[in-house]
Amino acid sequence: MKGFIRDNLLLSLCGLNCGLCPMRLGGYCPGCGGGEGNQSCKLARCSLEHEGPAYCSRCSCYPCEKYLGFDEFDSFITHQRRNADLQRVEEIGESAYNAGQREKIEILDLLLTHFDDGRRKIFLYTAVNLLELPELRRIVRQLTKEPMWKQPPLKERAACAAELLRESAERQNLQLKLRKKK
């Protein structure tokens with residue numbers, strides 16, 4: 001969108017984790033405000049009209065009708081953490097939040113490289129987005145212990161990773177799948 005530029009390309013204006021989006025990591029999208037190639041967005045237009053707050057949560061009109069209802073369905077990335085992530089930025093600061101996001105990106109890369117059997121890509125993106133960083137660290141420690149790390153065939157490693165991620169999500173009442181429009 002012309003004129004809409006952002007400094008933080010890991011977290012969008014509305015709270016989506018661009019840093020963990022398959023479209024951005026795949027090179028198909030520059031992220032929210034990442035240049036002239038990004039998609040037109042009603043929230044970006046609204047931000048420009050309101051003198052460009054860094055996040056919707058910092059706008060005097062938040063939450064407005066444009067923001068509400070956006071979370072019912074997911075796009076390429078889950079929308080389930082938008083509000084929580086915006087709140088987290090306010091609590092710990094953008095720098096600390098981004099450091100955690102960069103660590104999640106590293107964890108996602110490790111999972112995709114060593115634990116994706118070609119059928120779990122979106123599942124892994126969703127799990128890393130929704131699960132808390134300490135829990136992801138615990139799971140990675142468990143997965144990277146010998147002999148699990150490289151010994152079993154990829155199919156077995158992928159199944160083990162998926163099971164650990166699902167168990168963690170169940171304990172937190174999370175579903176690790178994108179919510180589609182019906």
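Residues are numbered from 1 along each chain as its sequence is written, and side-chain values use heavy atoms, with hydrogens and water left out. Because the model is predicted, local features need pLDDT of at least 70 and side-chain atom pairs count only at pLDDT 80 or more, whereas totals for chains, interfaces and linings use all residues.

With a relative accessible area of 1%, Arg82 is buried, where buried means under 20% relative accessible area, exposed over 50%, and partly exposed in between (1.4 Å probe, protein chains only). The side chain of Arg82 reaches the backbone oxygen of Cys14 at 3.2 Å. This pair is a polar contact, defined as two N or O atoms within 3.5 Å; within protein, one must be able to donate a hydrogen and the other to accept it, and residues adjacent in sequence count only if both atoms are side-chain atoms. Beyond its neighbours within four places in sequence, Arg82 is in contact (heavy atoms within 4.5 Å) with Cys14, Gly15, Leu16, Leu43, Tyr67, Phe70 and Asp71.

Neighbours within four places aside, Asn8 is in contact with Tyr55, Glu94 and Asn98.

Turning to the nonpolar residues, the largest nonpolar core has 41 residues; such a core is a set of buried Ala, Val, Leu, Ile, Met, Phe, Trp, Tyr and Cys residues joined through side-chain atoms within 4.5 Å. Among the residues with the most contacts inside this core are Ile107, Val128 and Leu131. Helix 5 (121–130) is one of the elements that give two or more residues to the core, and helix 5 gives the most, with six residues. Leu131 touches, among others, Lys104, Leu136, Ile139 and Leu165, not counting residues up to four places away in sequence.

Finally, Cys18 counts as buried at 10% relative accessibility, and Cys21 is likewise buried at 10%. A search of the whole structure finds zero disulfides (pairs of cysteine sulfur atoms within 2.5 Å).

Conventions
Helices (H or I, at least four residues) and strands (E, at least two) are DSSP runs, numbered from the N terminus.
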